[in-house]
Amino acid sequence: TNVSKTYRGKVRALRGIDTRVRAGEIFGLLGPNGAGKSTLVKILMTVIRPTTASGTMLGQRVGHKPTLARVGYLPEHHRFPEYLTGAQVIDYYGALAGMPRAQRRKRRDELLEIVGMKDWANTKVRGYSKGMRQRVGIAQAIVNNPDLVVLDEPTDGVDPVGRRDIRAILVRLKEQGKTVFLNSHLLSELEMVCDRVAILVQG
């Protein structure tokens, strides 16, 4: 409720957003580049501070640290260490989420299969295309089996086959009872998978 963000120089990125995402749905946030979509997501994830905001996420106030452990996140311009392999990236994020090693290894192998990266598991990230990085990005976002998955432009730079595969993953997450919050500037992508869509223009 009333989420606003004014950056230095009086740039108003968000102008009092009120919205509600229901549990178990795929919710799409649609808008042109520069509309404020990523700013809203970053406020939810406590990456940046809002000017004003109140509300809850998974039943706790936004910014409640233990609750963030139940959220998976793929930022728009993510950067994974280039010297790690895809398998190591997923393992690393599992470790950050506090998962025991044996559980991480099992989950990592499952996820590489799900996102279609099994054959590239031991190739370093520096050798990946944009689409391959996005696939590994989605895998790391769901490694900790989160209740809420927040994906910022997940199909950006991905070929049509990759987009279809990503949509299938999102539907699968919904079938598992997860809530998916999806940011995109592509209406065609969102209308194929989303239960509801909000449109954001100029904050």
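Reply: A residue is called exposed at over 50% relative accessible area, buried at under 20% and partly exposed in between, with a 1.4 Å probe and protein chains only. This is a predicted model, in which local features need pLDDT of at least 70, side-chain atom pairs count only at pLDDT 80 or more, and totals for chains, interfaces and linings use all residues. Numbering starts from 1 along each chain as its sequence is written, and side-chain values use heavy atoms, without hydrogens or water.

Val201 counts as exposed because its relative accessibility is 52%. Val201 lies in the segment after β9 (196-199); strands (E, at least two residues) and helices (H or I, at least four) are DSSP runs numbered from the N terminus.

Inside, a search of the whole structure finds 1 cavity of 30 Å³ or more. A cavity is a set of points on a 1 Å grid over the protein atoms alone where a 1.4 Å probe fits but cannot get out; lining residues have an atom within 4 Å of a point. The largest cavity has a volume of about 70 Å³, the space filled by probe spheres set on points joined across faces, edges and corners. α6 (160-175), β8 (179-184) and α7 (187-193) each supply at least two residues of its lining. Among the lining residues are Pro154, Ile166, Arg167, Leu182, Glu189 and Val193.

Helix α1 (residues 37-44) is largely enclosed by the rest of the structure, because 7 of its 8 residues are buried. Those residues are Lys37, Ser38, Thr39, Leu40, Val41, Ile43 and Leu44. Just after α1, Thr46 has a positive phi of about 60 degrees.

How values were computed. On a 1 Å grid over the protein atoms alone, a cavity is a set of points where a 1.4 Å probe fits but cannot get out, and a pocket is an open set with protein on both sides within 12 Å along at least five of seven lines; lining residues have an atom within 4 Å of a point.
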